[in-house]
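Here is a short report on one protein chain. It begins with the fold as a whole and then turns to two local sites.

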Amino acid sequence: MSTGTGAWAPNVFSPEGLTASTVTDAGAALAAEAARFAALGWMPGTAGNLSITLDRDPLRLAVTASGLDKGELTASDIVLVDGNGDWTGSGAGADDGLTESLGLARKPSAEAGLHARIARVTGAGAGIHVHALAAVRAGRAWPEGVVLHDLEMLKGIGHSAHGERVVIPVVQNHQDMRVLGDAFERVYTGRTDSVGEVPALIVADHGIYAWGADLRQARWHLELTEALLQIALATR
Ligand SMILES: [Zn+2]
């Protein structure tokens, strides 16, 4: 199902869109958040990336820059990307000037493409991608999706602690973000009147993406999903 919630307020992080201060604030927030997950061991080496949605029309995200240690990012170690996850600059109004004046990076991770797709489809204000162990193990154990039910922590990702069957979707790994994005849209469960959104995606033999209305909610969705996956693995 691929309804897209569209329910979250646009530009939660930056209601005024792309400005020097919102971009700088986003960079600082992403650096702090990346350090948290690097410390957890979920971003080994230069793995993983995080994003904040800065503008909706046109879609603009701040994504952590490629090839850097996620425990050592600064506020300028971000890249401005468009709805395809490509660096945006020339011909895009103020973007180019901001990259120049704020000394931002210009090389996004290839995975920025999936961040952008998730932001577009789900309406997320922030997304986090890490290489956490339980997600990889669960993706191998249940390649058709991880079924969870009757667990208190399901409430933390917007579902019932009792009597609801929740599936954390799994897609096969791929280096082409359009292929991954299409696979994501096929398995995404958007919010309806009767069903809550599932705000996470396992990429098999790779890691996990989680998202939310803002960076803090994305963090909670990520940490809770990883904990739920640990329980599923421990109790199977
Ligand atoms: Zn990755």
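## Overall fold

The model is predicted. Take contacts in the chain between residues at least 6 apart in sequence: 68% of them join residues at least 24 apart. Buried residues account for 45% of the 236 residues.

The chain holds six helices and nine strands. Its radius of gyration is 17 Å, close to the 18 Å from the globule rule for 236 residues, so the chain is as compact as a globular protein of that length. Along the principal axes, the C-alpha atoms fill a box of roughly 55 × 40 × 30 Å.

## Alanine 62

Alanine 62 sits in strand S2, which spans residues 59-64. This residue counts as buried because it has 31 C-beta neighbours inside 10 Å; the cut-off is 20 or more.

Leaving aside residues up to four places away in sequence, alanine 62 touches Val23, Ala26, Gly27, Leu30, Ser51, Ile52, Leu54, Ile78 and Leu80. Take leucine 80: 18 residues separate it from alanine 62 in sequence, yet the C-alpha to C-alpha distance is 4.8 Å.

## Helix H4

Helix H4 covers residues 133-141, and its buried residues are Ala134, Ala135, Ala138 and Gly139. These lie on the same side of H4, because they cover an arc of only 135 degrees around the axis.

What do the buried residues of H4 pack against? The partners are strands S5 (146-148), S7 (170-171), S8 (200-203) and S9 (207-212), along with helix H6 (215-235).

Terms used
Residues numbered from 1 in each chain as written. Predicted model: local features only at pLDDT ≥ 70, side-chain atom pairs only at ≥ 80, totals over all residues. Helix = DSSP H or I, 4+ residues; strand = E, 2+ residues; numbered from the N terminus. Buried ≥ 20, exposed ≤ 12 C-beta atoms within 10 Å, placed from the backbone. Contact = placed C-beta atoms within 7 Å. Arc of directions from axis to C-beta. Rg over C-alpha atoms; globule rule 2.2 N^0.38 Å.
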